[in-house]
Protein chains: 2
Amino acid sequence: MKGKRLCVFMVFFLEPCTIMDSGSALRQVIMWLMDSHQVKQLIQSVGLNVLIQQVVDRLKFDFQRWSSFQKSARHAIYHPKGVLELMPCADDTLYSFKYVNGHPENTHSGQLCVAATGLLANQVDGYPLLLCDMTWLTAVRTAAMAAWVIEWAAPEHHQGRLGVIGTGAQAAFVVEAVKTLWPLKVCYYMDIDRQAMDQFEAHVSTMGVQSVRCETAAQVCQSVDVIVTLTAAKKHASIIQCCDLKPGQLICALGGDCPGKTELSAEVISKSRVLVEYEPQTRIEGELQNCPQHHDVFALHEVIQSSIPVREHPDDWVVFDSVGFAIEDFSMLVVLYTLIQSYPESATVLDWVPSVQDPKDLYGALMVGS
Amino acid sequence: MKGKRLCVFMVFFLEPCTIMDSGSALRQVIMWLMDSHQVKQLIQSVGLNVLIQQVVDRLKFDFQRWSSFQKSARHAIYHPKGVLELMPCADDTLYSFKYVNGHPENTHSGQLCVAATGLLANQVDGYPLLLCDMTWLTAVRTAAMAAWVIEWAAPEHHQGRLGVIGTGAQAAFVVEAVKTLWPLKVCYYMDIDRQAMDQFEAHVSTMGVQSVRCETAAQVCQSVDVIVTLTAAKKHASIIQCCDLKPGQLICALGGDCPGKTELSAEVISKSRVLVEYEPQTRIEGELQNCPQHHDVFALHEVIQSSIPVREHPDDWVVFDSVGFAIEDFSMLVVLYTLIQSYPESATVLDWVPSVQDPKDLYGALMVGS
């Protein structure tokens, strides 16, 4: 089944670019455009959990071929109000980048803290193939990533108990994704914002997942097998301490990632097996900031490609120090681009780049019809 | 007159973001979108030379306040067929980036070698303000930049003679820009592609500029005051040698910029005053590649902000080693965004980022209406 899915992706890769030759010398290369309304419509048509499963399959495929990618830590510009980032990567055929911001105070004016825009391009000619809002898609791929790690790194004899610390914009997506991949039975949760907890509880109940509200992060940790942190923690916070944890737990630290922000204590990190996406970026932005440079980490792609056990001993703590890496957006954009071929009505077709009679005559093409 | 223009920009800066509150709690932040057709329509409505003058004014303003920007060399991913680049920068209020490719073989399949997409965002909340095709706009800002440098760095007793070596996609834009700012009388030109020369000649004649076709680059150099190179030169080429030049000439090396590509001989560079946009990037991509690391260069922004003379002696050669820097795209995008306020029909208004009732409830906003 999995083999078949991978095969579809590989065949698809052979013709990534839709080029229409109108019969004249005029070459038109079309691009698909999707704003947030169109993305929402497509997710609703496909179904969120179907989409999550497709993204997980694609993530598995892309992490397996890690060395096929050109990678770099993201480019960030810092402002007193937030951060503005570019996350590019490429394989031999396709190139992608995401522009994403993080502005914690946006909620005060009714705006999202995180919004994103993504572009997928053909490496061979550089032309854009797809340009879209990625705000929801960022939540989807982050949740898919966490669920995939939970699927294989949760403690062996778990009882399907998930802890969610921080029930903001991202939290319900994670529960939906975990439920898609893992036998989730009950969700323990807490937040400092009661309204955010009410909303989260309502969403989780529509998923048919039992939920238990907690007063403290420690109470969540004591009740579950897997902990997910999703907070906008302030400077070098330590929301989880060693004394809060039980043996063998998996902690997915998803929230609060930028230089100066952490969620776990240095002691938790130093006593855990730490899984990372792309170490050079995680050292700058992740929980690893609280640790010495020499602290060993395990690259996700190496662990899944090898026979390295995720735990040496069943009681080991495992931390997935997730900061969000460009390949995850690449995977998401490829899934979306593939879906558009089945749902062409969901996107707008644009002549984004100028179509020209003669590619050396850009000036003439501008003046025609003036 | 100039003071007044700058003032308009600064007042405009105070409210860069169009936020509409629909009366309910729903916050909508709109974004302008322009594909290549819309950009073309706007340029035709405004007039190319009017646009060029506005871009030059904005470039002068932005280069004068160089230290206000967060800057970095561009992010490049290399592929056997070309290069894919991201060029971000920001001041305290606005952020911009351009995605641009360079694929020399695209012309063989009727496609452009260089296409570009740009985004302008509000630094304060990170939301995109404008997303547009920048293929023509890249040609416009490159030409505006060259014309501005020619305006103040041409030899003092010039006779309005411009030399153009390489008459491809960019060349006619440069002549149009130079004519807008400088008393251009005659244009000497050459290319290895006769058809490209025919087209260039036709465009230049519509501008009312006299033109003279040459057989060699040396012949062009011997006939003019200012030389512009616009070639897709192969590895470490030396299209211009010292023996081709006359005293006091200005050479604007605009073409062929990426690691491994140059247009001027190392001797020309070493004997000239070299002007650069952003030295860390020019050392990687520019003509400077042919020179030792310690070879002195002059940053454009320092020269225009100070009393440094562009030449110590009237016979000095001056080379503008232009590679194209992110601030130039920032300037271009701000001019475009300003123009859209006067020509709102030229762009599409989009709800690009999801509008939400509650910014902490991204999941709920996705599920509404499903």
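Predicted model: local features only at pLDDT ≥ 70, side-chain atom pairs only at ≥ 80, totals over all residues.

1. Residues are numbered from 1 along each chain as its sequence is written, chains are lettered from A in the order in which they are written, and side-chain values use heavy atoms, with hydrogens and water left out.

2. Chain A is assigned domain 1 (2-137 + 327-360) and domain 2 (145-325), with bounds from an automatic or database domain assignment. Their C-alpha centres lie 27 Å apart.

3. About 2200 Å² is buried between domain 1 and domain 2 of chain A, 64% of it from carbon and sulfur atoms; this is accessible area (1.4 Å probe) lost on putting the two parts together, summed over both. On the domain 1 side, Phe63(A), Trp66(A) and Arg74(A) lose the most area, together 25% of what that side buries.

4. Contact (heavy atoms within 4.5 Å) links 22 residues of domain 1 with 21 residues of domain 2 in chain A.

5. The rule finds two salt bridges across this interface, taking a side-chain nitrogen of Lys or Arg within 4 Å of a carboxyl oxygen of Asp or Glu. Arg74(A) forms a salt bridge with Glu285(A), with the closest N and O atoms 2.4 Å apart.

6. Helix 3 (48-64), strand 5 (82-90) and helix 11 (326-342) of chain A each supply at least two residues of the domain 1 side; helices (H or I, at least four residues) and strands (E, at least two) are DSSP runs, numbered from the N terminus. Helix 3 gives the largest share, nine residues.
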